[in-house]
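Please read the following explanation with the sequence and the coordinates open beside it.

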2 protein chains.
Amino acid sequence: MFSRVDVFEAVAEPNRRHLLSLLSERDRTAGELVDSLPTLTQPAVSRHLRVLREVGLAEAHPDGQRRIYALKPDGLQRIDDWITPYRRYWRNHLDALEQHLEDQ
Amino acid sequence: MFSRVDVFEAVAEPNRRHLLSLLSERDRTAGELVDSLPTLTQPAVSRHLRVLREVGLAEAHPDGQRRIYALKPDGLQRIDDWITPYRRYWRNHLDALEQHLEDQ
DNA sequence: GGCCAATATATACTTGTGGTTATATACACC
DNA sequence: GGTGTATATAACCACAAGTATATATTGGCC
């Protein structure tokens, strides 16, 4: 399963975005993350965490029998780079709309 | 099919990102877009275009029997808004790395 | 070593996505 | 109205994603 996930597919999954959000607040153990997603079982969360690790959006450090997960958000730069040219586009579009409104 | 696609899932598909890229250059008819993705059949492209329309990333205007597709990139703002807090994060991380390198 | 806690992996199942072929729809042109 | 072109939808299929249950692994503790 999960032959090869890229960063776009990684963040397309809502539970994984939730995990990233939790990790953006602070580092957490796998167990804490499991508890934070009560609709999912422990293996399900563990799998999502694996995906996040494999695309470079998170990393885990052992701490005894725990695993402390931390955010590695620079993987999102790939998405940011992709979106950049479009950003200019919609800003122009907004500018044009504002202009139109001002012209009323 | 495609019960309900959101923007994140829409752009997770490589062919759809390709279509967005083509539309960012200029408006194109559905037929031109089909010709630009020679690995896909016409119905497959038509479906991807429907997804892009439904999430608000593209729109189609009839022109006789043709349909002229145009980019509506402001739908990507949802992704941009989502990524914004993380952007600060990885910039800090880069700064820390640069600092570390400078300290050598 | 034996036992418990924390986490990851294996296996199996279900469902949805993306693909194809076939068909419908809509418009243009004669 | 009939025919051809452009595009969308229908029906079906294969495969991968996401989930659950069951099991393995790893480390702490007695």
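**From helix packing to the DNA surfaces**

In this predicted model, helix H2(A) meets helix H4(A) through Asn15(A), Arg16(A) and Leu19(A) on the side of H2(A), and through His48(A), Leu49(A), Val51(A) and Leu52(A) on the side of H4(A). By class, the residues of this contact are four nonpolar, two polar and one charged. The axes of H2(A), which covers residues 14–25, and of H4(A), which covers residues 42–54, come within 10 Å and cross at roughly 75°.

The strands of chain B can be followed next. Strand S1(B), residues 28–29, is joined to S3(B) by two bridges, and these strands run antiparallel; within this pairing, Thr29(B) has Ile68(B) in S3(B) as its bridge partner. Strand S2(B), residues 58–63, also pairs with S3(B) in the antiparallel sense, over six bridges, and Pro62(B) stands opposite Arg67(B) in S3(B). S2(B) and S3(B) form a hairpin with two residues between them, and in the turn Gly64(B) has a positive phi of about 65°.

Turning to the contact between the chains, 19 residues come from chain A and 19 residues from chain B. On the side of chain A that touches chain B, helix H1 (7–12) and helix H5 (77–103) of chain A each supply at least two residues, and the largest share, ten residues, comes from H5(A). The residues on this side of chain A divide into twelve nonpolar, three polar and four charged.

The surfaces near DNA draw on both chains. Around DNA strand C there are 27 residues, of which Gly31(A), Pro43(A), Thr41(B), Pro43(B) and Gly64(B) come nearest; Gly64(B), among these, is the residue in the hairpin turn with the positive phi. At least two residues of the surface near DNA strand C are supplied by each of helix H3 (30–36), H4 and strand S3 (66–71) of chain A, together with H4 of chain B. H4(A) gives the largest share of this surface, six residues, and by class the surface near DNA strand C has eleven nonpolar, eleven polar and five charged residues.

Which residues come nearest to DNA strand D? Of the 28 residues around DNA strand D, they are Thr41(A), Pro43(A), Thr29(B), Gly31(B) and Pro43(B). The elements giving two or more residues to the surface near DNA strand D are H4 of chain A together with helix H3 (30–36), helix H4 (42–54) and strand S3 (66–71) of chain B. Among these residues, Thr29(B) is the bridge partner of Ile68(B) in S3(B). The largest share of the surface near DNA strand D, six residues, comes from H4(B), and the residues of this surface divide into eleven nonpolar, eleven polar and six charged.

Conventions. Residues are numbered from 1 along each chain as its sequence is written. Chains are lettered from A and ligands numbered from 1 in the order in which they are written. This is a predicted model: local features need pLDDT of at least 70, side-chain atom pairs count only at pLDDT 80 or more; totals for chains, interfaces and linings use all residues. Axes are lines fitted to C-alpha atoms, for helices over the stretch in contact, and angles run from 0 to 180 degrees between N-to-C directions. Helices (H or I, at least four residues) and strands (E, at least two) are DSSP runs, numbered from the N terminus. Two residues are in contact if their C-beta atoms, placed from the backbone, lie within 7 Å. Ala, Val, Leu, Ile, Met, Phe, Trp, Tyr, Cys and Pro count as nonpolar, Asp, Glu, Lys and Arg as charged, and the others, Gly among them, as polar. A residue is near a molecule or strand if its C-beta atom, placed from the backbone, lies within 6 Å of it. Two strands pair if DSSP finds at least two bridges between them.
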